[in-house]
Structures are given as C-alpha cells and as structure tokens.
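Work through the exercises below with the model open. Try each task before reading its solution.

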Amino acid sequence: MSRIGRKPIVIPAGVTVTVDEAAHTVAVKGPKGSLNSNYHPLMTVKVEGNEVLVTRPNDEAEARSLHGLTRTNIANMVSGVVNGFEKKLEIVGVGLRCQKQGSNLVMNLGFSHQVTIPDTEDCTIVWQDPNHFTVYKGKGIRYEGEVVKHKEGKAGKGKK
C-alpha cells in the first residue's frame, strides 16, 4: 500500500465533504469557500465518520501511482477551505520598500512612480515591515527565504 494513500484524511469541524461515486467527483465546503474536483475512476473514495478514505482496487502500477495522488489532492482541498492560500514575500534591494496606506499597499520599486496595489475581496495584503509582506491568494516579488544565484560576471582577458 502507498504510505501516503492509506492515511485517512481527517475532516475538521465546519467542513463537509461530499463524494459522488457515479460522477467520480469530490466536493469540499468550508469556512473559506468550496472546492470541487474529479478523481480517477480506478480509485474509491468514501467518507466514514469524520474521515475520508481513498482505496485502490489492485497493486498495478497505474493504481499505485494514482492512490497517493488522489489522497493528496483531496487533503489539499480540505486544507484550502480551512486555511486558504498565502504567500510570504520580501523586497530585496537598496531603496526598495513598501508601506500600507489605508487598504492599499504602496511600493517603491525603482520606477519613476509608486506601485499601488489595493486590497480586494479575494486578495488581502498584510504588511509587516518595509521589506516583508504577505499576500493571501496572489503572486508577488520574491518568496521569503528564496535564494537567487547570480552568474559570475566577466573576468576580463588574461595578461600576456
């Protein structure tokens, strides 16, 4: 058995999981929204009590590969409706900074003008300090802790 696939998915309080075996779909509804997904017809998904169980019919290669994938996709759906999505970003560079003004994030990124990003009902921006902020449900400048490797510059010609 797959080590990941055989683990049951615990359903937290406030989350409902509905499985339609005829259509091979899973619907997860929680406090942050609802998600729907299809799963492969080889897999069997059942809700028992407060757990979701994913099983496979045999030990063939296709069934083994789909077992852990299906379980992980459903677990990510449950996590998404409970926690949502967030990315921690940082601004790196001399003179580059950001600040929160009302519900807008105002960034000085080296352009001739400031870049202003408003909060929307889907995307919330939380400002920590002039170089760090968190974007919920979005993309940004550089992920926090990301290491960018720089190429070595020209070394010049050797002496003769």
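**Exercise 1.** Find which residues Val17 touches, not counting residues up to four places away in sequence.

*Solution.* Val17 then touches Ile11, Val26, Ala27, Val28, Val47, Val52 and Val78. The model is predicted: local features need pLDDT of at least 70, side-chain atom pairs count only at pLDDT 80 or more, and totals for chains, interfaces and linings use all residues. Residues are numbered from 1 along each chain as its sequence is written, and side-chain values use heavy atoms, with hydrogens and water left out.

**Exercise 2.** Describe the largest nonpolar core and say which elements supply it.

*Solution.* Start with the term. A nonpolar core is a set of buried Ala, Val, Leu, Ile, Met, Phe, Trp, Tyr and Cys residues joined through side-chain atoms within 4.5 Å. Buried means under 20% relative accessible area, with a 1.4 Å probe and protein chains only. The largest core has 18 residues. Val17, Val26, Val28, Val45, Val52 and Ile74 have the most contacts inside it. Next, assign elements, taken as DSSP runs numbered from the N terminus: helices are H or I of at least four residues, strands E of at least two. β3 (25-30), β6 (51-55) and α1 (61-83) each supply at least two core residues. The largest share, 7 residues, comes from α1. Finally, a second, separate core of 9 residues includes Met107, Ile125, Phe133 and Val135.

**Exercise 3.** Check the span of α1 against its 23 residues.

*Solution.* The expected span is 1.5 Å times one less than the number of residues. For α1 that gives 33 Å. Its end C-alpha atoms are 33 Å apart, so the two agree. Just after α1, Gly84 takes a positive phi of about 80°.

Note on methods
Buried means under 20% relative accessible area, exposed over 50%, partly exposed in between (1.4 Å probe, protein chains only). Contact means heavy atoms within 4.5 Å.
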